[in-house]
Each structure stands twice: as C-alpha cells, then as structure tokens.
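Student: Before we discuss this entry, let us have the sequence and the coordinates in view. I will ask, and you answer from the model.

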Amino acid sequence: MKSLEFKNTRENREGLRGWLDPFRYGWERFSYWAQRLTGIFLLIYFIGHVYETSSIVSGKDAWNTMLELTQTTWGHLFLILVIGTSTFHSVNGIRLILTEAGKGLGKPSRPDYPYHPSSLNRRQRSGIWIALTLAAVAMLYGTNILLSGD
Amino acid sequence: MKIHYITGVGALFVVALHILMRLVVPYASSLEYGYVVSNYHNFLYAVALESILVLIAVHGFNGLRIILLELRQSPLWENGVTVATIIAMIALILYGTRTIIIANGIGL
C-alpha cells in the first residue's frame with residue numbers, strides 16, 4: 001500500500017501575487033491585505049522608533065540631531081502615515097477579533113446563486129468603513145498637531 | 001492567534017497612554033530633551049514603556065511570522081521563520097530595555 005506522505009507542490013499556490021490582488025473577494029480582501037501591509041509598515045516604524053529613541057542615552061545633542069530627522073516635510077508626512085496606518089490597523093484588528101469570536105457574522109444561509117458570502121454582510125463592511133474613516137480623521141488631527149506644534 | 005489578540009488589545013491601551021503623554025503638553029515641548037528624560041525617570045511610566053516594547057515586539061514579530069507562513073509552507077521554512085522572528089523579537093526587546101534602564105537613571 002502506498003504510504004500517505006506530505007508532498008510540497010506549488011500547485012494552486014499564487015504566493016504574493018494572489019495575496020495582493022485587491023479586486024477579488026471584494027472589501028474583505030482589501031481589508032485582508034491592508035491589515036497585513038499596515039502591520040509590516042508599523043513593525044518597520046517600531047524598529048526605527050526604538051532605535052531613534054535610544055539616542056536619549058547619548059545626551060541632548062544626539063537626541064536633537066535625531067529629532068531633526070522627523071522635523072521636516074517628509075518626516076511629518078511619514079508620521080501622518082504612521083498615525084493613519086496605526087488607527088486603521090487597530091480598529092480593523094478589533095473587528096477581526098470580534099469576527100473570530102463569532103460577532104457580526106450573521107446566520108448561516110443556503111449557498112444560492114450568485115453565491116454572495118453571508119459572512120460579508122453590512123456589519124462587516126461597516127466595520128471596514130469605520131476603520132478607514134477613523135484613520136482619515138486621525139490623520140487630519142495629527143496633521144493639525146504636527147503643523148501647528150500645539 | 002490568542003497571543004496575537006491579547007498583545008494587540010494590551011498594546012492599544014499602553015500606546016494610548018504613551019500618546020497622551022505627548023498631548024498633555026504642547027507637541028513641540030513634549031519632545032524636548034528635559035521633558036523626555038523626566039518621563040523616563042518616572043518609574044511607572046518606564047514600566048509602561050517596557051510593556052509597550054514587549055507587547056508590540058511580540059505582536060509585530062508574531063504577525064510577520066503569520067504572514068510569512070501564509071505565503072509558503074514547508075517544515076524548514078516554518079521552523080526557520082519561527083526561530084528568526086523569535087531571535088529578532090528578543091534582540092529588539094533587549095535593545096529597547098537597555099535604553100529604558102539607562103534613561104531611567106539606573107545605569108547613569
């Protein structure tokens with residue numbers, strides 16, 4: 001009898017191309033890769049932030065030199081992007097936690113043509129829109145603080 | 001995924017506190033050397049910073065691990081990704097902890 005063994009084939013595997021396709025499966029797919037891209041971006045920012053703040057132990061001059069990097073137009077734009085991505089990642093993350101707990105999924109239904117997934121309902125889509133709206137509001141608030149210095 | 005959710009929700013609260021510390025004074029003066037050092041000298045705030053460091057490092061590197069495991073599967077890849085992300089996570093926590101300890105005044 002032929003033994004059953006795990007075979008690592010590349011069949012049906014689209015890799016990064018399939019992962020990044022935003023047009024398949026609607027808004028849930030957009031939210032799927034936006035959550036991952038913002039996560040990777042925020043991890044890179046976090047590593048940079050830990051390195052940046054470590055200059056505090058080298059004295060006032062080192063701290064001010066490091067700080068000057070963020071006190072430019074590009075530095076401000078980068079920080080505004082951090083504010084937006086972190087807000088989206090947090091709010092959408094809460095939606096995902098609630099979804100995994102079974103909240104907002106709706107009742108199971110018979111799969112009828114044209115096979116709209118019942119799990120991607122108005123509540124789920126609202127969650128994605130709330131995350132995007134709050135990210136935009138946070139970016140506006142951050143822009144105001146960064147530009148006014150208050 | 002449980003560790004990912006717990007660290008994510010936990011980080012949300014301590015990061016909110018961290019941002020509040022920047023907003024209770026005008027933004028420009030919140031980044032002045034003297035004010036930031038005084039923040040580090042506050043023991044409770046230093047503990048909050050350490051918890052941000054640990055929670056986000058665990059959340060971030062575990063998230064990266066999940067993404068990489070979704071893209072490709074094989075025993076070598078999965079073990080390699082897990083070990084590499086754990087090493088990177090520990091290195092970042094150690095580096096950040098060094099900053100917090102020295103800035104808190106223990107190492108000065």
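Student: In which loop is Pro114(A) found?
Tutor: This is a predicted model, in which local features need pLDDT of at least 70 and side-chain atom pairs count only at pLDDT 80 or more, while totals for chains, interfaces and linings use all residues. Residues are numbered from 1 along each chain as its sequence is written, and chains are lettered from A and ligands numbered from 1 in the order in which they are written. Helices (H or I, at least four residues) and strands (E, at least two) are DSSP runs, numbered from the N terminus. On that numbering, Pro114(A) belongs to the loop between helix 4 and helix 5 of chain A.

Student: The peptide bond from Tyr113(A) to Pro114(A): cis or trans?
Tutor: Its omega is near 5 degrees. The bond is cis.

Student: What pattern does chain A follow along the sequence?
Tutor: Chain A holds five helices and zero strands. In sequence order the pattern is α-α-α-α-α.

Student: How are helix 4 and helix 5 of chain A oriented to each other?
Tutor: Axes are lines fitted to C-alpha atoms, for helices over the stretch in contact, and angles run from 0 to 180 degrees between N-to-C directions. The axes of helix 4 (residues 73–100) and helix 5 (residues 122–148) of chain A come within 8 Å and cross at roughly 155 degrees. Angles under 35 degrees count as roughly parallel, over 145 as roughly antiparallel, 65 to 115 as roughly perpendicular and the rest as oblique. Helix 4 of chain A is therefore, relative to helix 5 of chain A, roughly antiparallel.

Student: What classes of residue make the contact of helix 4 with helix 5 of chain A?
Tutor: Two residues are in contact if their C-beta atoms, placed from the backbone, lie within 7 Å. Ala, Val, Leu, Ile, Met, Phe, Trp, Tyr, Cys and Pro count as nonpolar, Asp, Glu, Lys and Arg as charged, and the others, Gly among them, as polar. The contact of helix 4 with helix 5 of chain A has 14 nonpolar, nine polar and one charged.

Student: How does helix 2 of chain A pass helix 4 of chain B, in a left-handed or a right-handed crossing?
Tutor: The two axes come within 10 Å and cross at roughly 135 degrees, so helix 2 of chain A and helix 4 of chain B are oblique to each other. A crossing is left-handed if the near helix is turned anticlockwise from the far one by less than a right angle, and right-handed if clockwise. For helix 2 of chain A and helix 4 of chain B, the crossing is left-handed.

Student: Which residues of helix 4 of chain B make the contact with helix 2 of chain A?
Tutor: By class, the contact has six nonpolar, three polar and one charged residues. Helix 2 of chain A brings Arg36(A), Gly39(A), Ile40(A), Leu43(A) and Phe46(A). Helix 4 of chain B brings Ile56(B), Gly60(B), Gly63(B), Leu64(B) and Ile67(B).

Student: Val25(B): buried, partly exposed or exposed?
Tutor: Val25(B) sits in the loop between helix 1 and helix 2 of chain B. Leaving aside neighbours within four places in sequence, Val25(B) is in contact with Ser30(B) and Tyr35(B). Because Val25(B) has 13 C-beta neighbours inside 10 Å, Val25(B) counts as partly exposed.

Key: Buried ≥ 20, exposed ≤ 12 C-beta atoms within 10 Å, placed from the backbone.
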